[in-house]
Amino acid sequence: MSQPIDTARFTKVLVANRGEIACRVMRTARHMGLATVAVYSDADANARHVREADEAIRIGPAAARESYLNVAAVLDAAKRSGAGAVHPGYGFLSENAEFVEACAKAGIVFIGPPASAIAAMGDKSAAKARMANAGVPLVPGYHGDDQTDDLLKREADAIGYPVLLKASAGGGGKGMRVVEAPDQFQAALDGCRRESRAAFNDDRMLIEKYLTQPRHVEVQVFCDAHGNGVYLFERDCSVQRRHQKVLEEAPAPGMTAELRREMGEAAVRAAQEIGYVGAGTVEFLLDADGRFYFMEMNTRLQVEHPVTEMITGQDLVEWQLRVAMGEPLPLAQNELTLTGHSFEARLYAEDPEHDFLPATGTLERFDLDLLGAGLNADKVRLDSGVDSGDTVSMHYDPMLAKLIVHGDDRAQALATLNRALAALDVQGVVTNRGFLQRLASHPAFQAAELDTRFIEHHHDELFAAKQYRNDDYAAAALVALEQLGREQDSRAPREDASWHRSPWNRHDGFRLNAPHRIRVALCPPGEASDDETSDSIVTVDAQRDGVDAPWRLILGDTPLEGRLARLSGDAVAITLEGYRKRVQARLERTAQGHDIVMTDAQGETRLTWRRLDAVDHGHHEAESTLTAPMHGTVVALLVEPGTPVEKGMPLMVMEAMKMEHTLSAPADGHVESFHFAAGDTVGQGDVLLEFNVKQ
Ligand code: ADP
């Protein structure tokens, strides 16, 4: 059934996409010895995919419609660069038949299926008719041409309620409604038609039996231009919010070998029915009784393809490139094997607590500390479109990266996922990381009790406000004390009356003797207030007899003994009453002040803190020091020692995480001496300069 397509060897490939998928495709292309060309909008001029490409071409302003969705501009870029092939990634132009045809006309290989196969799956009703033809099971329902109200109602009654009304031309959940009972049918039909006309300029409807607890199980298929087709097993993508996948895994839990083969073969039949070539995904609903039904086919590479790569040991982008060059499929069905279990978690710049509102900002840090978390680099993969210092704009999909893990079995892979999520250091932009941790550690998810309404069913636990325990406050206090200790001798923060001051631009420190007694206040994020008596604030008194002695903490009335030992990177060991735990701990700047963030496989604990006690300096020394707020490089010294400066005047510039930070005069006075020169590397807490305050 395969149609002849233009195939040719090519040596340069243009990736018509951005973000993690563009980086991921280029990585494989590079390994295969191909030159890579990126395209970029004005918002992405310095984006990671541009930085990683051999060549990059501007295709227009930030708006996707004028850049990444602009067929003419992308095609021009391909011609200008001399790329022999275009990889569309997912989204944007990946399922645009017009673009595929335009590539063919220009003699450029489109790395994907022929336009006719994309068109065949574009209309849900027409696709269902063809799938029925190919013997692929469909959800009981109606997808005929007769669209009179009466007939649709009779069909719905015959199917039995609840039913699902879907727009034939639909996508993205638009024009789709559940109808619970016959008397609601007409109103729902009118609503769906209106929505569908508005979104797709088409109001044809289809009706399906509404399955109440289905799982979303999809099969990865691959076909070449020589008539071969295989399936690379299945993925379970049941955990969705608003029909958007959040956590995916392969294989699907509870599959029997027989069901896997049946679904796989049905998926290959579906692909071959429409003359498919390349990577595709056939989505099924799997009912609680083990029956499965065709839902739709995605005629492209999916976001979640890496879980399939993990369990099969294959590189699907390499397969795509080879097939596009006209080669046969690298492996036959009986050569494909399934090993272990894999999960993917999608990290979005969004706020789960506020209805998943997309977030923007500058990523101050974006790192995965594998070593610190004791993770094996072969088992954890981070597919990312961003780096520390990058800006997250509001122009595109808010997905930042995907964390993919592999384990010998589901439990092991899930434990690794939790560990890796904890080790991910993402600062500066709100993300769904904590939500992913709550999902991945939820008992029902651990027990693989999956269905497409998982998040809805477990909403209360997934969104419950975190309950803080004494141990959380004590651990956070130890992190705060360690931070203060690092500043000791060089600088210590004076009592800071405001929660709103950031440690980065605090420069009013005075030397003090070793702190014997310190008080810090901690409270859940967002509850910071200058009222010390507020119920949400816990104060911790800390004392110790020497640097090697344990801290004696008093939380309210509870005494506790604790220690903190730094391991590597952000990893620390916190011992409370002889109970030692390893966590990732770091300080994060927030709008409210600064937070202590501790993550372990159980999730994230975040507490806002400040030092409470007015330090008894004894005497305020006239000299103060400025310390490096973080590890970095000195960029420039801006004043001569001895020259009088006014409070707030810039004294020196340092760079860290690709951002410059200016250190300013803490008061009127002059710089006594600088301890570093431009170009020097400095560690966090290092004394940078001595400052003489004007008396
Ligand atoms: P769209 O193309 O608009 O995304 P789909 O047909 O792919 O719509 O369906 C999206 C989601 O809706 C599926 O992943 C599944 O969770 C749910 N769904 C679709 N059809 C049914 C059905 N017949 N019964 C129950 N849930 C369904």
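**Ligand shell and helix packing**

Student: How far is an oxygen atom of the ligand from an N or O atom in the side chain of Gln 240?

Tutor: The model is a predicted one, in which local features need pLDDT of at least 70 and side-chain atom pairs count only at pLDDT 80 or more, while totals for chains, interfaces and linings use all residues. Residues are numbered from 1 along each chain as its sequence is written, and side-chain values use heavy atoms, with hydrogens and water left out. A polar contact to the ligand is a pair of N or O atoms within 3.5 Å, and for the side chain of Gln 240 and a ligand oxygen atom the distance is 3.5 Å.

Student: How much of the accessible area that the ligand has on its own does the protein cover?

Tutor: Accessible areas come from the Shrake-Rupley method with a 1.4 Å probe. On its own the ligand has 560 Å² of accessible area, and the share that the protein covers is 93%.

Student: Which elements give two or more residues to the shell around the ligand?

Tutor: Helices (H or I, at least four residues) and strands (E, at least two) are DSSP runs, numbered from the N terminus. The elements giving two or more residues to the shell are β7 (163–167), β9 (205–209) and β14 (292–298).

Student: Which residue has a backbone N or O atom 2.9 Å from a nitrogen atom of the ligand?

Tutor: The ligand is surrounded by 19 residues, each having a heavy atom within 4 Å of it. The closest are Lys 124, Lys 166, Gly 173, Glu 208 and Lys 209. A polar side-chain atom of His 216 lies 3.3 Å from a ligand oxygen atom, whereas the backbone atom at 2.9 Å from a ligand nitrogen atom belongs to Lys 209.

Student: At roughly what angle do the axes of α1 and α11 cross?

Tutor: Axes are lines fitted to C-alpha atoms over the stretch in contact, with angles from 0 to 180 degrees between N-to-C directions. Helix α1 (residues 19–31) and helix α11 (residues 316–324) have axes that come within 9 Å and cross at roughly 65°.

Conventions:
Polar contact = N/O pair within 3.5 Å; in protein donor to acceptor, adjacent residues only side chain to side chain.
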